[in-house]
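Let's walk through this one together, starting with a single side chain and working out to the whole chain. Have a look at the model first.

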Amino acid sequence: MPETINIYGVNINLPECDSVIEDWGVTDPKEQYWRRKELPNLFNSVEYDKEGNALLDAEQAAFATREVEKCKKGFWFYNNGTPTFVTGKHYFYLQWWKLEDDIYGDFRDADRRYFLYLDHWEKTPWCLGVVRGKKRREGATSQATANIVYECIFYKNSFCGLTSKTQIDAKAAFTNMISFGYRQLPVFLKPKQLNNKDSVSELVFAHKSVEIRGTKGNAIDNDTGHRSRIDYRAPSLNSYDSGRLSRGLFDEGGKWAKETPFSTFLSIVSKTLVKGAKRVGFIECPSTSNSMTSGGEEFKIVWDAADHLKYPKTPNRLVKYFSPAYDGYLGFIDKYGMSVIGPPTQEQYDYLVEKGKCSCLETLIVILMLYCLMTCMK
């Protein structure tokens, strides 16, 4: 029977494992944990045709096909001896999406739960998106930008957009996250860019063409990167008020200026996410929150109307998600990606100290503070 887990009040069925579970080449459960694998040396030399399309040899194409399948269907691996599933988007983010500070993300169980939750609602036809309340430095914006590029790689005719609390913030997310991450993708996942490669306002992609040399077959399915584009815009009520939006990132809705009420903005945008009765787009809205008089009140309006625990079908067709600050807190995540919330085991303590996130004394003090906080909350 498929495993069912409850994430933020929603029962989510994990898929049955129909493939080999990655064991990382070790039998000791203590040495089984997420490891990102570098692109193999066989991609050090890739040939291109005169139009700039990659021509993969049979070995390159076989590797590319396996990776594309993981990005679409998800990935199973042993984590501390336990079979663990991550969604295709999460695998893409962990394995191939480079963050703005020039590193790849670590595996965190807190992120795994969010991606599972996201996948559930993406498969729920009435739902138009997720409103995500978060702590600072949670990685929510990085994950949402990876999801936008994923949309353009794997779906035809995708139009994706983003904005944030200011035009400067929107531009920074586009250039530092989307443009940078796109340029670091391996050739078999990288859509061919049609517009100026130095563009700082939009990315326009051609049909992804990666062929196996000597044959007419494509290593990647024909549904990838087909006439897709991404842009960013300044926050205003009519930023994305017409046409069709395939994927949207509307960041920091709890901090928008009074002249651009976030709840009104989303009510307008929601019309671009549907065509008749059919949903054609999906949005992510991660945010910390200002005070009620500085943007928080508008975000609360959206948050309350997205209460899937109260409404079978929410009034704004969005759902909410919240992860407390102590869950997935940087510096307090063990070797297996699990949050260290209460008193650590000796193994966790040794690992945290060895990682050098903070001194032994600081580690103990903060963990005890978190434990006291959890005790008070109970």
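Cys160 is in no disulfide, and the nearest cysteine sulfur, from Cys152, sits 3.8 Å away. The cut-off for a disulfide is a pair of cysteine sulfur atoms within 2.5 Å. Cys160 is also buried, at 0% relative accessible area. Search the whole structure and you get zero disulfides.

A word on the ground rules. This is a predicted model, where local features need pLDDT of at least 70 and side-chain atom pairs count only at pLDDT 80 or more, while totals for chains, interfaces and linings use all residues. Residues are numbered from 1 along each chain as its sequence is written, and side-chain values use heavy atoms, with hydrogens and water left out.

Now zoom out. The chain has nine helices and 16 strands, taken as DSSP runs numbered from the N terminus (helices: H or I, at least four residues; strands: E, at least two). Take helix H7, residues 296-305: its buried residues are Gly296, Phe299, Val302, Trp303 and Ala305. They pack against strands S7 (129-133), S15 (282-287) and S16 (318-322), plus helix H6 (262-269).

Across the 378 residues of the chain, 50% count as buried. Among contacts (heavy atoms within 4.5 Å) with a separation of 6 or more, 70% come from residues 24 or more positions apart.

Notes:
Buried means under 20% relative accessible area, exposed over 50%, partly exposed in between (1.4 Å probe, protein chains only).
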